[in-house]
Amino acid sequence: MPATMPLGWLAGPHKTAPQRPEPGFRAVQAFAGHFTDHHAFLLQRMLARVDAINVDIAALEAKIEEQMGPFVAAVEKLDEIPGINPAAAHVILAEIGIQMQRFPTAGHLVSWAKFVPGVKESAGKKKGKNATGHGNSYLARVLGNAAVAAGKTDTFLGERYRRIARRRGRKKAVVAIGRSLLVIIWHLLSQDDARFHDLGADFYTTRIDPERRKRGHIRQLEALGYTVTLQPAAA
């Protein structure tokens with residue numbers, strides 16, 4: 001190496017490549033820093049705010065539990081439905097009440113909640129985009145969350161959600177399961193002794209699909225001019 005070396009030589013092609021830091025070096029650097037009294041003051045304020053919010057949340061939850069005391073039986077019924085937890089049950093009961101007499105049928109409740117796609121027809125032409133319209137936003141939000149939660153369960157509602165989502169998309173599945181939840185809720189609240197009973201995730205394969213195939217075969221045979229009479233095979 002020459003005794004006198006131009007400065008440009010260091011930036012030329014002979015520049016030595018930087019060495020890689022040893023494993024864990026960056027992690028050690030990330031923890032290196034300065035924590036002053038000013039930082040401690042700000043952290044104390046933030047933690048105090050978190051503690052105060054937690055106290056407020058606990059007070060609100062206690063008040064909600066107190067107010068929902070007379071409706072414990074209804075909350076327990078709804079809590080049995082997949083996707084609905086006690087918090088969701090509280091919101092649902094707060095929005096629709098427990099007296100289902102004002103809704104003559106489950107369809108009336110579903111229509112009131114705007115969970116029925118509306119299609120207008122005039123002169124044989126359908127108008128509209130199957131939109132449900134704007135209903136109770138609080139109820140719609142909790143039903144939507146419940147529908148998504150139910151879709152992750154190994155239940156009839158979960159399988160129904162997944163089947164619809166595969167064919168028509170997640171948004172349609174949320175509306176369909178939200179409607180099913182409202183129908184179930186109406187029946188549970190309309191009858192004092194009614195309890196939720198899950199049909200099972202295999203309901204479609206063991207009950208609906210065989211029936212659908214049977215009807216399809218009957219239609220095909222009738223189209224060929226046959227009269228079909230079914231008789232169960234001997235066990």
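Visitor: Is Arg166 buried or exposed?

Guide: Start with the idea: buried means under 20% relative accessible area, exposed means over 50%, and partly exposed is anything in between, using a 1.4 Å probe and protein chains only. Arg166 has a relative accessible area of 61%, so Arg166 is exposed. Keep in mind that this is a predicted model, where local features need pLDDT of at least 70, side-chain atom pairs count only at pLDDT 80 or more, and totals for chains, interfaces and linings use all residues. Residues are numbered from 1 along each chain as its sequence is written, and side-chain values use heavy atoms, with hydrogens and water left out.

Visitor: Which residue forms a salt bridge with Arg166?

Guide: In general, side chains of opposite charge can pair when their charged atoms come close. The rule used here is a side-chain nitrogen of Lys or Arg within 4 Å of a carboxyl oxygen of Asp or Glu. Arg166 pairs with Glu159, and their closest N and O atoms are 4.0 Å apart. Salt bridges with shared partners link Glu159, Arg162 and Arg166 into one network.

Visitor: What about Glu159, buried or exposed?

Guide: Glu159 has 17% relative accessibility, so Glu159 counts as buried. Glu159 sits in helix H7. For contacts, look for heavy atoms within 4.5 Å. Leaving aside residues up to four places away in sequence, Glu159 touches Arg166, Ala201 and Tyr204.

Visitor: How many salt bridges does the structure hold?

Guide: There are four. One of them joins the side chains of Lys63 and Glu66, at 3.9 Å from N to O. These two are three residues apart in helix H2 (residues 37-67), so about one helical turn separates them. Lys63 is partly exposed at 42% relative accessible area, while Glu66 is exposed at 54%.

Visitor: Which side chain meets Glu80 in a salt bridge?

Guide: That would be Arg195, with 2.4 Å from N to O. Glu80 lies in the loop between helix H3 (72-79) and helix H4 (86-96), and Arg195 lies in the loop between helix H8 (170-190) and H9, so the pair ties together parts that are 115 residues apart in sequence. Glu80 is partly exposed at 34% relative accessibility, and Arg195 is partly exposed at 46%.

Visitor: Which residues gather in the patch of positive charge on the surface?

Guide: A patch takes residues with over 30% relative accessible area and no salt bridge, and like charges are joined within 9 Å. Lys and Arg count as positive, with the place of a charge taken as NZ of Lys or CZ of Arg. Here the patch gathers Arg167, Arg168, Lys172, Arg212, Arg215 and Arg219. Helix H7 (156-168) and helix H9 (203-223) are the elements that give two or more residues to the patch. H9 supplies the largest share, three residues. Arg167 belongs to helix H7 and is exposed, with a relative accessible area of 63%.

Visitor: How many helices and strands does the protein chain have?

Guide: Helices (H or I, at least four residues) and strands (E, at least two) are DSSP runs, numbered from the N terminus. The protein chain has nine helices and two strands, in the order α-α-α-α-α-β-β-α-α-α-α. Of its 235 residues, 25% are buried. Among contacts between residues at least 6 apart in sequence, 56% join residues at least 24 apart.

Definitions and conventions:
Patch = residues over 30% accessible without salt bridge, like charges linked within 9 Å, V, L, I, M, F, W, Y side chains within 5 Å. Areas by Shrake-Rupley, 256 points an atom, 1.4 Å probe, with all protein chains shown as cover.
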